[in-house]
Amino acid sequence: MNEALAKKLCDITNTFYRENAASFSATRKSPWNGWRTSMTLLAERGLINSVPLTVLDLASGNMRFAAFLASEYPENSFTVYGVDDCIDLNIAALHVHFQNLDIINHVFDDTSLAERIDAPLCDLSVCFGFMHHIPSQNNRALVLEALLDKTKQGGYVVISFWMFMNNETLAKKAHLTHKQALNTLPLQSEDIAELDEGDFFLGWKDTSGSYRYCHNFSNAEIDDLAELMRSRASVTARFFADGRTDNLNAYLILQKN
C-alpha cells in the first residue's frame with residue numbers, strides 16, 4: 001500500500017471518530033476479558049507487585065483501561081499516561097496524564113512516534129482496539145516499535161489485534177458496509193486496487209455514510225509482527241479473548257529484552 005492511500009484511510013478514520021465520538025464512547029465502558037487475562041499473566045510474572053507501576057496506554061480512548069486498573073487493583077499504585085486524539089471523548093475522572101495526539105498521522109512523520117509521546121519509559125505499555133486502524137503492515141510495525149521504545153528494559157507490551165471476521169454476524173456486516181463505502185467514499189479505482197487483503201470499511205450503528213477503516217488480522221500477520229520485533233522483545237504469551245465466543249481479539253504480550 002502506498003503512503004498516499006494510507007494517509008487517506010487515516011483521514012477517513014479520523015473523520016469518523018470526530019463525527020461519532022460521543023456515541024462511540026458511550027458504548028465503551030466495560031473492561032474486556034482480555035485485559036483481565038493479560039494482567040493475570042503479568043501478575044504471575046511479578047509485574048503487578050512492582051509498585052508504583054507506570055503504564056502507557058496508546059490510543060487510550062475514554063481511559064477505561066485506567067479505570068479498570070483502578071477498580072481491579074485498588075491496593076496498587078498506577079501512574080497512567082494516556083495518549084489519543086479524542087479531546088471530545090468523555091475522559092473518565094481519573095488521576096492520569098493525558099496527551100492529545102493524532103497518533104495515526106504521526107506515524108508518517110520524519111520524527112519517530114515515540115519522540116512525540118509525552119511519557120517516560122514505562123513498566124507496561126498497552127495498545128487496545130487500535131492496531132486495526134493502522135493501514136499496512138509496515139506502519140503497524142512502526143507503532144509496535146514506538147511502544148517498545150517507550151517501555152523499560154524488562155518491561156512488557158500488550159497489544160490486541162481485532163479479528164472481526166471470526167464472528168459470522170460481524171463478517172456479514174463488514175462485507176455489506178465495505179461495499180456501500182466503496183460507492184460512497186472519495187476513493188479512486190486505483191485506491192481500491194491498493195487495499196490489502198483483510199482491509200474493510202465498517203459502519204457505525206445506523207449512521208448513513210459514516211465509515212472507518214479497519215483491518216481484520218490473520219494469525220500470519222501477527223506472527224510476522226512478532227518476528228519483526230524478535231531482536232528487541234520476546235513473546236511471553238499469546239491468546240484469544242473477547243466477544244461471546246472469546247475469539248474476537250488476539251492478544252500478544254511481549255517482554256522487552
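1. Let's start with F16, which is buried at a relative accessible area of 1% (buried is under 20%, exposed over 50%, partly exposed in between, with a 1.4 Å probe and protein chains only). W204 also counts as buried, at 9% relative accessibility.

2. A quick note on the basis: this is a predicted model, where local features need pLDDT of at least 70 and side-chain atom pairs 80 or more, while totals for chains, interfaces and linings use all residues. Numbering runs from 1 along each chain as its sequence is written, and side-chain values use heavy atoms, without hydrogens or water.

3. Searching the whole structure turns up 16 aromatic pairs (Phe, Tyr or six-membered Trp rings with centres within 6.5 Å; planes under 30 degrees apart are stacked, over 60 edge-to-face, the rest tilted). F16 and W204 are edge-to-face because their planes sit at 90°, with ring centres 6.4 Å apart.

4. F128 and Y251 make a tilted pair, since their planes are at 55° and the centres 6.1 Å apart. Here the separation is 123 residues: F128 is in the loop between strand 4 (122-127) and helix 6 (137-149), and Y251 is in strand 9 (249-256). Both F128 and Y251 are buried.

5. F128 and Y251 also belong to one aromatic cluster with W32, W35, F65, F68 and F239. F65 and F68 are buried in helix 3 (64-72), as are R64, A66 and L69. The cover over the buried residues of helix 3 includes helix 2 (33-44) and strands 1 (53-58), 2 (78-84), 3 (96-100) and 4.

Methods. Helices (H or I, at least four residues) and strands (E, at least two) are DSSP runs, numbered from the N terminus. Contact means heavy atoms within 4.5 Å.
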